[in-house]
Amino acid sequence: MFTLKPIAACASMLTIAPAALAQVPQFGQPIAPADIAAWDISIGPDGAGLPPSRGTAIEGEAIYVAKCQACHGEKGINPSVALSGALVGGMGTLAPDKTPIKTVGSYWPYATTLFDYTRRAMPFQESKSLTADEIYAVSAYILNLNGIIGSNDVMDAQSLPKVRMPNQDGFIPFPRNPK
Amino acid sequence: MFRKTHTEPVDPAAGNGILSRRIFLEGAVVVGATGAGLSRGSAEPLTVQPWMKVPGAGFAGYGQPSPFESKVVKVFPPPPNPPGVGASRTPLHMLEGMITPSGLHFERSHSGVPEIDPDQHRLVIHGLVKRPLVFTVEALSRYPMQSRIAFIECGGNSLALNAPQAQPLNVAATHGLMGCSEWTGVRLSTLLDEAGIEPEARWVIAEGADAAAMSRSIPLTKAMDDALLCLYQNGERVRPSNGYPVRLLLPGFEGNMNVKWLRRLKLTAGPAMTKDETSKYTILLKNEKAWQFVFPMEVKSVITRPSPGLALRGPGFYEISGLAWSGNGSIRQVDVSADGGRSWAPAALQGPILPKAPVRFRAAWQWNGGPAVLQSRATDEMGMVQPTRAQFANERGLRGIYHYNAIASWRIDEKGEASNVYA
């Protein structure tokens, strides 16, 4: 009684499947995962997608000064381009009735986002130009300026996802999303 | 054929001169209403204008608006921000109907507008799929297509109305990050089915081919529901500023998620937690918590005329015209008030009324020349009612920046000038 119906359904699907499939347009071209690698720049909060390489805050300072500081300001505090926003500081400003200063340190829930965003979009005038070493190093520098890691802490594919961000538990789901 | 008209007076429907919407529904004539302050003396004698005496211009490959309409343009801030970064705003107060002309559709870009050669553009679908696939634009163009009229609203639209004091802003500045097009393209579900979805997939990470490679995580349920890969906007190929050659449309969802210049869709078990879904587009509440993944743009409306910058010319009859929309479905009702929300009357809704598309509403108003505060309040098919500013602030505070959808108020002074106020 429990098996008859599924078997019947499968049998009928098998009968009609070839004809139905022939009707469906399929214009996608198969591609091997290895051939997607150059485009696959997504990094998950668990670190999935992080490349090999490594960097520290001490190594990152010179890169920051050369590539980031013109817009984001010295030590990430006073951006000269308004839209770039402060990268550092603002701790405690999420508290009720305060004017929030949302920085990497005060607001961002995951350190992996820093690597992901820097690699895809920064530096603004020449995005995707930094090496993985440089991105780890400059990420470490910004985390260090926020007092989250030490200046000699190595950031790599293993350590970056383990960085505990101060506002990691600051987010809750919107209650009125469609089901 | 003549329409049947009514000659009886149109009754007041709400305080301070709001008249019955019958005038729109039945073509009733307003008896006793005076002209809009214009001289009722005799008009000037008519003369034959010069453009009737010589042949006009020849053909143009692509038509342009009249040079007399040169002020109807998008507005965007001057430097210091780099060019193409930030947003340009639709001049909603200068437009009518429900469709936004493609050249006036607002744009939000994070690293300028890329100039993409469609022959070299590729869209890849990979991750938790059985068959990773690459599509050319030509290949996408071969699938059966679908059209729908839908709004896109930036999550940051009306951000300025969070300010503690009302600023001197017009509708472009307060509501101009919303536009509506007829979008045509291929259902995303068609392509995901072709790639074969692995059972553990729950999210789709969408990524653009701009210099910022702008990226957002989208629930697979939405991708399989009504997501559209748009190749056409208002009948022509999507404009570069709106995602040429292919953009994602997620009807009703936050604008930022409708990724432009779409180049990659990666199916995953969890969201990527990109910059734009963590540090931006999250809503800091009154306490220290923030709402994350706020998908629908909730019910909202705005009076586009009269509105700041469009002065009334003396007491008399005016049409109040505006737009109402909801990311949760169709607009069911729009009420208007001329006394700051003390009394309301239903506006006429201009068809077609479509889900997740703006509705043009109209109300008749007899301005007596005194102070007035005009408001509109929309209700959608879910029964959700647009909140007052106080109700909005009571729920979430005013630190959230994004998804501001409270009732807007335009004060009319004795000179007929309109201004943005909190009422």
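Two strands are said to pair if DSSP finds at least two bridges between them. Helices (H or I, at least four residues) and strands (E, at least two) are themselves DSSP runs, numbered from the N terminus. The structure is a predicted model, in which local features need pLDDT of at least 70 and side-chain atom pairs count only at pLDDT 80 or more, while totals for chains, interfaces and linings use all residues. Residues are numbered from 1 along each chain as its sequence is written, and chains are lettered from A and ligands numbered from 1 in the order in which they are written.

In chain B, strand β23 (residues 372–380) and strand β24 (residues 409–412) pair in the antiparallel sense over 4 bridges. Within this pair, Gln375(B) stands opposite Ser409(B) of β24(B). Both strands belong to an open sheet of 5 strands with antiparallel pairing, whose order in chain B is β20-β19-β23-β24-β25. Its edge strands, each pairing on one side only, are β20 (345–346) and β25 (418–421) of chain B. In general, the strands of a sheet pair through backbone hydrogen bonds, either parallel or antiparallel.

Chain B is divided into domain 1 (122–155 + 179–281) and domain 2 (300–421); such bounds come from an automatic or database domain assignment. The centres of the two domains, taken over C-alpha atoms, are separated by 32 Å. Domain 1 of chain B and domain 2 of chain B each contribute 9 residues to the contact, where two residues are in contact if their C-beta atoms, placed from the backbone, lie within 7 Å. On the side of domain 1 of chain B that touches domain 2 of chain B, the largest share, 3 residues, comes from strand β7 (residues 146–153) of chain B. That side divides into 7 nonpolar, 2 polar and no charged residues. In this classification Ala, Val, Leu, Ile, Met, Phe, Trp, Tyr, Cys and Pro count as nonpolar, Asp, Glu, Lys and Arg as charged, and the others, Gly among them, as polar.

Between the chains, 49 residues of chain B are in contact with 43 residues of chain A. At least two residues of the side of chain B that touches chain A are supplied by each of β5 (122–127), β6 (133–136), α4 (188–195), β14 (262–268) and β16 (290–292) of chain B. This side of chain B has 25 nonpolar, 14 polar and 10 charged residues. Strand β1 (residues 29–30) of chain A is joined to β6(B) by 2 bridges, and the two strands run antiparallel. Gln29(A) has Val134(B) as its bridge partner in β6(B).

Within chain A, Leu114(A), Phe115(A), Thr118(A) and Arg119(A) of α5(A) meet Ile135(A), Val138(A), Ser139(A) and Ile142(A) of α6(A). By class, this contact has 5 nonpolar, 2 polar and 1 charged residues.

Backbone geometry shows some further features. Most residues other than glycine have a negative phi, and most peptide bonds are trans. The peptide bond from Tyr244(B) to Pro245(B), however, is cis, with omega near 5°; Pro245(B) lies in the loop between β12 (236–237) and β13 (247–249) of chain B. The bond from Gly351(B) to Pro352(B) is also cis, with omega near 0°, and Pro352(B) is in the loop between β21 (348–350) and β22 (359–367) of chain B. In chain A, Lys75(A) has a positive phi, near 55°, and is found in the loop between α4 (69–72) and α5 of that chain.
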